[in-house]
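Dear colleague,

I am passing on the structure below, and my notes on it follow. Please read them with the coordinates open beside you.

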Amino acid sequence: MQKGGRSNPGGFLIEQRRLEKQPAELRVGAFTEITLKPTADGGAAQAARCTDCGVPFCQNACPLQNSIPDWLALSADGDLREAWRVAASTSTMPEICGRICPQDRLCEGACTLQQSGWDGVTIGSVEAWLGDTAFDNGWVEPIRPLAERGQSVAIVGAGPAGMAAADRLRSEGYAVTVYDRHDRAGGLLTYGIPGFKLEKRIVQRRIDRLVEGGVEFVLNCSVGVDVTLDQLRGRHDAVLLAMGVYQARTLSVPGRGPDDTVAALDFLIAQNRVDCGDAVDTSAPHAAGRDVVVVGGGDTAMDCVRTAVRQGANSVLCLYRRDRDNMPGSAREVANAEEEGVRFEWLGAPKALMSRGEAVVAVRAQRMALTEAAPGQRRDIAPVPGSDFDLPADLVIEALGFEPEAFAEQIDAGLALTKWNTLQVARGGFAASLPGVFAAGDAVRGASLVVWAVRDGQDAAAEIDRYLRARTQEAAA
């Protein structure tokens, strides 16, 4: 018998059904995930909608090149354990990517059904369900290297790129130590992404698997302050820099003082600490009872507006300078925010912050218009004369994206940087400018998606493995 969608040629006619969501009026009262766990029959039925097209555009659109049609077919046939094995062979975090990837811009957006006018396969929902099923049934195998290689690797940064690299390198038998400046591992998975998208237990079980497999985490350790890069190079046979990018872009408008706005990550970290079990920090920014304006249009902005709603804001508004169709964030997240009561002001850009005494009371904004796009370029924006308007706000959150920190200054002056101040690596690879030092993730490509960080971490681990094996062979010659 053929597999999955192959044995059900009309399966795509089944109604598209994503993981069911809690009603908005219920879910805004908690920071737990908003989706409800599907039944085995429901998950298999959605997997069976895959048409097994000749060219798997979904796989091509996935940064990890996941074998999506294969594990969909196996899931449809009920062979979930083998489906999980296939999914885990190309990704160290399927159940995480299934939850937080912008599938509408990646695999699901490229699905042949979607491109043909039908509803696409709900790939992300099936992937998350498959991962949870694997953990619930004990199918997630522990890391048990066949042999210890006797070499060690330091990884700077415990986010998705660092965790992915640690998984692959430890599996090959290397001693792996991960250094991170935060008090918990996970990077943005732990402190940047809210629990209603990714509950902390989902991240923690991945961290636990690494620890149980022999990966050591050194937390509250800032490389360049508590330990130098030279010291790490002396202790370990190779070093991977996977710190991410955390320098927040800020508004540059009249009336903005140093304490008049809140950085998106500061706002999210404060809530995520509470979700992790920390005591409430009364000095941290909080939206309860306030009129909140979030400036920006990416997924971080969506995280902020949805967090503000759950904190009990009086009103929550997202101000974005382009229109809905040109928003960089996930369309799914915009829809979730609207369901939860967030209002959007499209084609509006902040012009000034208005204050009464020392307190901000409004954002003065200006209408923008999209210009005609030059060939091969994105449409630009232009201000509309005489179109100023005011938005009440006593909490303004800046969600304008992130830039690299001063890596050379903070970590090592020998690190070469690109013109964007990201870490420079060899063309087509991950080797940095210092011998034995490699770099991956957002620190190299700039602020990007978690799935790209996972891909980079896995690929960098493979390059480090080749490098260390070559050194072993040279030493033995």
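**The chain as a whole**

Of the 477 residues in the protein chain, 53% count as buried, and please keep in mind throughout that this is a predicted model. The chain is made up of 19 helices and 15 strands; its radius of gyration is 23 Å, close to the 23 Å that the globule rule gives for 477 residues, so it is as compact as a globular protein of that length. Taken along the principal axes, the C-alpha atoms fill a box of roughly 75 × 60 × 50 Å. Among contacts between residues at least 6 apart in sequence, 70% join residues at least 24 apart, and the accessible surface comes to about 21,000 Å², of which 49% belongs to carbon and sulfur atoms.

The buried residues of helix 16, which spans residues 331–339, are Glu333, Val334, Asn336 and Ala337. They cover an arc of only 160° around the axis, which puts them on the same side of helix 16. What covers these buried residues includes helix 1 (24–27), helix 15 (299–310) and strand 9 (343–345).

Ser330 lies in the loop between strand 8 (315–319) and helix 16, and at the start of that helix a side-chain oxygen of Ser330 reaches to within 3.2 Å of the backbone nitrogen of Arg332. Ser330 has a relative accessible area of 2%, and therefore counts as buried, the cut-off being under 20%. Leaving aside residues up to four places away in sequence, Ser330 touches Pro102, Asp104, Arg105 and Asp299. After helix 16 comes Gly341, whose phi is positive, near 100°.

Key:
Residues are numbered from 1 along each chain as its sequence is written. This is a predicted model: local features need pLDDT of at least 70, side-chain atom pairs count only at pLDDT 80 or more; totals for chains, interfaces and linings use all residues. Side-chain values use heavy atoms; hydrogens and water are left out. Buried means under 20% relative accessible area, exposed over 50%, partly exposed in between (1.4 Å probe, protein chains only). Helices (H or I, at least four residues) and strands (E, at least two) are DSSP runs, numbered from the N terminus. The arc is that of the directions from the helix axis to the C-beta atoms. Contact means heavy atoms within 4.5 Å. A polar contact is a pair of N or O atoms within 3.5 Å; within protein, one must be able to donate a hydrogen and the other to accept it, and residues adjacent in sequence count only if both atoms are side-chain atoms. The radius of gyration is taken over C-alpha atoms; the globule rule is 2.2 Å times the number of residues to the power 0.38. Accessible areas come from the Shrake-Rupley method with a 1.4 Å probe; for residues, only the protein chains shown count as cover.
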